[in-house]
Amino acid sequence: IKRTSYIRTIMKKKIIPIALVAVSVISLIYFLTSASESESTGVLATVKKGTFVVDITTTGELEAKNSVQILGPRGTRNYRIWNMTIQDIIDEGTFVRKGDYVANLDPSELTNKVKDSQLEMEKIESQFIQTKLDTTLEMRKSRDELINLNYSVDEMQLKLDQSQYEPPATIRQAEIDLAKAGRAYTQATENYKIKREQNIAKMQEVILNKQKEQRNLDGMITLMESFTITAPEDGMLIYKKDWNGQSVGKGSQISAWDPVVATLPDLSSMNSITYVNEVD
């Protein structure tokens, strides 16, 4: 009995490890079989020849290939006006007819220059009147002097004529007095011509300054009218884009070198402007 119990105990100790090994082997076989089947089903596919399409969605805007520029005033550089602020402009997308109102630029800088020019005109006008009066008085004085010298020549001539029966010394003195009077009259006549030319030159200078300032003032007044901008032709108004792509609208500035306020695009031919990353 003791021997039989001992044998049974030995058999139990051997059967348990063998059973554990058998279970492990079966589990490993099942895992490898399942992994092989799943791997085969994930890799294998039917190969077809065709176009490989990659769709990329981007945003952008439409832009006309050709457009008419709506320009602000030109010639502002002649009056040292380099930038102009858009004081008011109609809404983008508005359809306008030729001659319709589009925008208005701030004229304050030009208005100040007009006022300065008007003050300068008043100053030149006063200078013109003063120069005219001065030259008139100076020339009148010179003419009176010529008349008096001419009378003096006639007087000396009369004395010489009356001294024919006087002593030779008296006659000689009369001749000398006549010669002096004649020379004085001749010199006065030449001086009168020189003064007349000088006064003419003075008046011409003042007149030229007056005309120049008047042209300057008239030009600025005419230029101010162009600060109200109208459409050059029919079309839909689109705001101009500046160097960084921002729309130029109310409160923006335009320069004297590029006085474009807005555009009228030709909608019959358009470009689609967008940007795509280089990696795409």
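T135 is buried, because its relative accessible area is 9% and a residue counts as buried under 20%. The model is a predicted one, and every value below was computed from it. T135 is part of helix α2. Its side chain comes to 2.9 Å from the backbone oxygen of K132. If residues up to four places away in sequence are left out, T135 touches N199 and M203. The distance between the C-alpha atoms of T135 and I200 is 8.5 Å, although 65 residues separate the two along the chain.

Where along the chain do these partners belong? Helix α2 covers residues 108-162 and helix α3 covers residues 168-225. N199 and M203, the two residues touched by T135, have numbers that fall in the range 168-225 of α3.

The loop between α2 and α3 holds S163. Is S163 buried or exposed? With a relative accessible area of 4%, S163 is buried. S163 touches T170, I171 and A174, again without counting residues up to four places away in sequence.

A charged side chain placed over a ring is the next feature. K210 lies over the face of F128, and the distance to the ring centre is 4.7 Å.

The protein contains three helices and eleven strands. Along the sequence, these elements come in the pattern α-β-β-β-β-β-α-α-β-β-β-β-β-β. Of its 280 residues, 22% count as buried. Among contacts with a separation of 6 or more, 82% are between residues 24 or more positions apart.

Some of the strands can be followed into a sheet. Strands of a sheet pair through backbone hydrogen bonds, in either a parallel or an antiparallel sense. Here, three strands form an open sheet in the order β2-β10-β8, with antiparallel pairing. Which strands are at the edges? They are β2 and β8, since each pairs on one side only. Strand β8 spans residues 238-239, and its antiparallel pairing with β10 runs over two bridges. Y239 stands opposite A262, a residue of β10.

The ring centres of W82 and W257 are 5.7 Å apart and the ring planes meet at 15°, so the pair is stacked; the limit for stacking is planes under 30 degrees apart. W82 sits in the loop between β2 (67-71) and β3 (83-89), while W257 sits in the loop between β9 (253-255) and β10 (260-265), so the pair ties together parts that lie 175 residues apart in sequence. How accessible are the two residues? W82 is partly exposed, at 39% relative accessible area, whereas W257 counts as exposed, at 56% relative accessibility. The cut-off explains the two labels, because exposed means over 50%.

R80 is also placed in the loop between β2 and β3. Its phi angle is near 60°, which is a positive value in a residue other than glycine. R80 has a relative accessibility of 64%, so it counts as exposed.

Terms used. Residues numbered from 1 in each chain as written. Predicted model: local features only at pLDDT ≥ 70, side-chain atom pairs only at ≥ 80, totals over all residues. Heavy atoms only, no water. Phe/Tyr/Trp six-rings, centres within 6.5 Å; stacked < 30°, edge-to-face > 60°. Helix = DSSP H or I, 4+ residues; strand = E, 2+ residues; numbered from the N terminus. Buried < 20%, exposed > 50% of the residue type's maximum accessible area, 1.4 Å probe, protein only. Lys NZ or Arg CZ within 6 Å of the ring centre and 35° of its normal. Pairing = 2+ DSSP bridges. Contact = heavy atoms within 4.5 Å. Polar contact = N/O pair within 3.5 Å; in protein donor to acceptor, adjacent residues only side chain to side chain.
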